[in-house]
Amino acid sequence: MAADNRFTTNLREGFRRGDIVTQLIYINAGIFLVVALVNLFLVLFKMDSGHWMNYLMFPASFMQFITQPWTLITYMFMHAGILHILFNMLWLYWFGRLFLNFFSAKHLRGLYLLGGIAGAALYMVAYNLFPYFEDAVYSSYLLGASASVLAIVVATAVREPNYPVQFMFIGTVRLKYVALFMVVLDLLFITADNAGGHLAHLGGALAGWWFASGLVKGHDLTKWINVALDFCSGRWKPAPKKPKMKVHYGDKQKDYEFNARKKERSDEIDRILDKLRKSGYGSLTEEEKKSLFDASKQ
């Protein structure tokens, strides 16, 4: 009993202290284990072990989705087998760690969900739009974290296209070619057996590109997701109202001091942004991150 308590305590501590990549892997692995145990229980009692999972997977049918909207989120934490989850979690671990060198943990959390949502949306649209899929609309379901993972891969490739990635037996490949290869592969196989999965991958890739491109222009597409998550977890706090600035005309000395401080802050932000471009988000100190965050709210 003591060993069991120690094991569960270690798991909880590992989750609590782990970064966002570790936490997402924990969640995926935990859900996979629970689903496997439920299926084992149903098989032992000769009960239907597959039908109940349809309530957690994302349906291609829009009418069916309306009756189970939660599947838009649950499907991206479901996996069909041990190899399915193993490869997805390996890619999430490798490229999630790389992603965190250039973006924040909240960005990764938000993009994981945004990529999954975009993947599901493209999957449903394609299955209901193209006649090729019309016979499979009411019997097709989507599951897996692949769309979310590909969103992370593509976003990192857009941010650092020439980053070198080491592959066994292949050698060093630039990240942009890794992402391009994966996207082209999915395009070529959208009429294969796993057509839904390949369509979802493309939706995730589009979300990753959209996110990284928008962030360069100052638009964070994951902001609404993170606000919703923080609100649901009780961590959201409304931004404090900025006090109205009092302007005293004719006081040249105060105007001069104000402009000097404003220019000093501007120069500091330019220096931080230059460091961010050259060395990535992970190279910034906590004080620099705070200064950048404060400047983004002004």
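## Basis of the model

The model is predicted, so local features need pLDDT of at least 70 and side-chain atom pairs count only at pLDDT 80 or more, while totals for chains, interfaces and linings use all residues. Residues are numbered from 1 along each chain as its sequence is written, and side-chain values use heavy atoms, with hydrogens and water left out.

## Overall make-up

The protein chain contains 12 helices and 4 strands. These elements are DSSP runs numbered from the N terminus, with helices being H or I of at least four residues and strands being E of at least two. Of the 298 residues in the protein chain, 36% count as buried. Buried means under 20% relative accessible area, exposed means over 50%, and partly exposed lies in between (1.4 Å probe, protein chains only).

The accessible surface of the protein chain is about 19100 Å², and 66% of that surface belongs to carbon and sulfur atoms. Such areas come from the Shrake-Rupley method with a 1.4 Å probe; for residues, only the protein chains shown count as cover. Among contacts in the protein chain with a separation of 6 or more, 67% are between residues 24 or more positions apart. A contact means heavy atoms within 4.5 Å.

## Helices α6 and α10

Helix α6 covers residues 105-129 and helix α10 covers residues 223-232; their axes come within 8 Å and cross at roughly 105°. This makes α6 roughly perpendicular to α10, a label for angles of 65 to 115 degrees, whereas under 35 counts as roughly parallel, over 145 as roughly antiparallel and the rest as oblique. The axes are lines fitted to C-alpha atoms, for helices over the stretch in contact, and angles run from 0 to 180 degrees between N-to-C directions.

On the α6 side, K106, H107, R109, G110, L113, L114 and I117 take part, and they meet W224, I225, N226, L229 and D230 in α10. R109 and D230 also form a salt bridge, with the closest N and O atoms 3.1 Å apart. Because R109 lies in α6 and D230 in α10, the pair ties together parts that are 121 residues apart in sequence. Both R109 and D230 are buried.

## Other salt bridges

The count of salt bridges comes to 6, each being a side-chain nitrogen of Lys or Arg within 4 Å of a carboxyl oxygen of Asp or Glu. One of them joins R16 and E13 at 2.8 Å, N to O. Both residues lie in helix α1 (residues 2-17), 3 residues apart, or about one turn of the helix. R16 is exposed at 53% relative accessibility, while E13 is partly exposed at 28%. E13, R16 and R17 are linked in a salt-bridge network. Another bridge joins the side chains of R159 and E160 at 2.4 Å, N to O.

## A buried and an exposed loop residue

S61 sits in the loop between β1 and α3 (62-67) and is buried, with a relative accessible area of 3%. Leaving aside residues up to four places away in sequence, S61 touches M124, V137 and Y138. The C-alpha atoms of S61 and M124 are separated by 7.0 Å, although the two are 63 residues apart along the chain.

F45 is in the loop between α2 (20-44) and β1 (58-59). F45 is exposed, with a relative accessible area of 54%. Together with L33, L37, L40, F41, L44 and M47, F45 makes a nonpolar surface patch of about 780 Å². Patches are made of residues with over 30% relative accessible area and no salt bridge; like charges are joined within 9 Å and nonpolar side chains (Val, Leu, Ile, Met, Phe, Trp, Tyr) within 5 Å.
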